[in-house]
Amino acid sequence: MRFFRWLLLSVWTVSFAVQADVPDHQVFPAQGPQLLLWVASERGRAEPEVHAAQQLAAQGVETWMLDLVAAYFLPQLPSSMDAVPHQDLAAWLRAAQASGKRVVVYAVSRAAVPVLRAAAALEPAERQRLCVMLMYPNLYTVAEPLAEPDFLVVGSLAGLRVQVLQPRRSAATPWLPGLLDHLAKQGATASHVILENLREGYWMRETPTEFEITESRRMDAMLLRELNQWGCK
Amino acid sequence: MKRWLGVCAMSLLLAGGAQAAGFEARAATPAPELKAQDLAGTTRTLVDYRGKVVLLNFWASWCPPCLREMPSMERLRVKMAGRPLAIVALDSAETAEEVNGFLSRMTLGFPILLDPDGSNTKRWKVFALPTTFLLDASGRVRHVLTGPTEWDEGEALEIIESLLAELPAGAKSPTGGALTPQ
């Protein structure tokens with residue numbers, strides 16, 4: 001059984017090592033100077049996210065939306081994000097930068113892992129032109145009760161600007177300072193914004209509060225606000 | 001084609017690796033410090049519960065699985081009345097107003113402690129809610145559960161009974177002091 005798993009892993013690794021392909025993504029074109037690369041979480045793309053992308057495009061922010069679990073036929077699990085070939089994502093980031101627009105990546109939950117790995121794979125000059133917004137990023141390797149948290153090392157993030165959007169109502173909120181320190185140790189310039197009265201994935205909750213329903217409908221406004229206040233240019 | 005076969009194979013491996021969480025037995029290690037105020041403003045520590053088995057539950061009012069298991073914790077309290085079991089629910093990183101707002105909708109007889117700055121949550125290294133620690137009467141962590149359960153039945157009740165069974169005969173008697181509900 002171990003040999004079989006090793007064989008499958010080897011086939012998988014070799015198949016990805018052959019070449020990097022820009023993954024299939026949905027484009028919401030716009031004429032403005034900004035390009036937002038939206039990478040959905042391990043739970044896949046949700047309807048309110050698509051609506052927000054449409055609204056952003058209507059306001060001049062071109063948006064490319066990528067659903068990694070659909071693009072790579074992966075199960076909807078956090079560990080699936082770790083299996084995404086980051087060279088493909090790096091090729092995607094380069095294609096976006098080649099558009100001449102200001103590129104900001106927005107990644108949700110564990111999608112932060114392949115996005116940061118892709119950013120680390122860029123040339124320093126490419127990375128310095130990139131901004132990354134991470135919505136409640138999950139970068140844990142180990143998060144066991146009574147044990148110190150351990151975060152993934154993704155490679156050098158020197159020159160990368162990272163903004164973490166953290167819903168207040170999350171078990172991860174008390175751990176945010178440690179996450180920001182970890183990003184800084186890898187070279188990123190990390191900052192954060194707390195989103196009050198919201199839970200992780202508030203736009204796809206089974207029992208959302210009235211406030212979460214309202215905020216789901218105006219996710220585009222929240223992102224525009226944070227993009228403008230952050231001023232990553 | 002080869003590439004997609006590889007992806008599919010990896011997907012199966014990943015899917016097969018997913019396991020449901022359950023009670024995790026720990027090698028009797030001393031518990032971290034617990035220092036938190038209850039809703040009356042009294043500071044509580046684990047010393048207050050020494051000599052009793054302790055069920056320490058980390059929760060939050062915005063967490064649906066936490067709220068789902070709360071009624072079973074209340075049933076457990078009633079079922080174990082007079083026995084040396086302390087049920088303590090520590091709200092993680094919320095204000096007293098938020099907790100009181102929730103308690104106005106659900107009546108609970110066990111103590112609720114507050115951790116508005118998350119300091120206890122960090123000392124106990126809690127990364128998901130609910131997380132529950134079962135401590136023996138010497139204040140040592142013996143079992144950990146991440147996620148909800150029905151506390152008044154099944155494996156949860158068996159583990160609690162096994163910890164109670166370790167107590168000296170006199171300490172197990174129903175006349176032992178029960179925690180005063182708040």
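Some conventions to begin with. Residues are numbered from 1 along each chain as its sequence is written, and chains are lettered from A and ligands numbered from 1 in the order in which they are written. Since the model is predicted, local features need pLDDT of at least 70 and side-chain atom pairs count only at pLDDT 80 or more, while totals for chains, interfaces and linings use all residues.

I start with the core. A nonpolar core here is a set of buried Ala, Val, Leu, Ile, Met, Phe, Trp, Tyr and Cys residues joined through C-beta atoms within 7 Å. Buried means that 20 or more other C-beta atoms lie within 10 Å of a residue's own; 12 or fewer is exposed, in between is partly exposed, and the C-beta atoms are placed from the backbone. The largest nonpolar core has 111 residues, and those that touch the most other members are Val39(A), Tyr106(A), Val115(A), Val132(A) and Val88(B). Helix α6 of chain A, residues 112-121, gives the most to this core, with eight residues. Helices and strands are DSSP runs, helices being H or I with at least four residues and strands E with at least two, numbered from the N terminus.

What does Val39(A) touch? Contact means C-beta atoms, placed from the backbone, within 7 Å. Leaving out residues up to four places away in sequence, Val39(A) touches Leu66(A), Leu68(A), Val105(A), Tyr106(A), Ala107(A), Val108(A), Ala111(A) and Val115(A).

Helix α5 of chain A, residues 86-97, packs on α6(A) at an angle of about 70°, and their axes are 8 Å apart. The axes are lines fitted to C-alpha atoms, for helices over the stretch in contact, and angles run from 0 to 180 degrees between N-to-C directions. So α5(A) and α6(A) are roughly perpendicular to each other. The cut-offs are under 35 degrees for roughly parallel, over 145 for roughly antiparallel, 65 to 115 for roughly perpendicular, and oblique for the rest. The crossing of α5(A) and α6(A) is right-handed, that is, the near helix is turned clockwise from the far one by less than a right angle, anticlockwise being left-handed.

On the α5(A) side the contact has His86(A), Gln87(A), Leu89(A), Ala90(A) and Leu93(A); on the α6(A) side it has Pro114(A), Val115(A), Arg117(A), Ala118(A) and Ala121(A). By class, the residues of this contact of α5(A) with α6(A) are seven nonpolar, two polar and one charged. Ala, Val, Leu, Ile, Met, Phe, Trp, Tyr, Cys and Pro count as nonpolar, Asp, Glu, Lys and Arg as charged, and the others, Gly among them, as polar.

The second pair is helix α2 of chain A, residues 47-58, with helix α10 of chain A, residues 219-230; they pack at an angle of about 55° with axes 8 Å apart. That angle makes α2(A) oblique to α10(A). This crossing, too, is right-handed. Pro48(A), Ala52(A), Gln55(A) and Leu56(A) in α2(A) meet Met219(A), Asp220(A), Leu223(A) and Leu224(A) in α10(A). The contact of α2(A) with α10(A) has six nonpolar residues, one polar and one charged.

Chain B next. Chain B has five helices and eight strands, and from the N terminus the order is α-β-β-β-β-α-β-α-β-α-β-β-α. Of its 182 residues, 35% are buried. Among chain B contacts between residues at least 6 apart in sequence, 77% join residues at least 24 apart. The peptide bond from Leu129(B) to Pro130(B) is cis, with omega near -5°, and Pro130(B) sits in the loop between α4 (119-123) and β7 (131-135) of chain B.

Back in chain A, two residues have a positive phi without being glycine: Ser109(A), at about 55°, and Asn197(A), at about 60°. Buried or partly exposed, in the case of Ser109(A)? Ser109(A) is buried, because 21 other C-beta atoms lie within 10 Å; Ser109(A) lies in the loop between β4 (102-108) and α6 of chain A. Asn197(A) is in strand β9 of chain A and is partly exposed, because it has 14 C-beta neighbours inside 10 Å.

Last, Gln186(A) is in the loop between α8 (176-185) and β9 (189-199) of chain A. Not counting residues up to four places away in sequence, Gln186(A) touches Val153(A), Val154(A), Ser156(A) and Leu157(A).

Note on methods:
Two residues are in contact if their C-beta atoms, placed from the backbone, lie within 7 Å.
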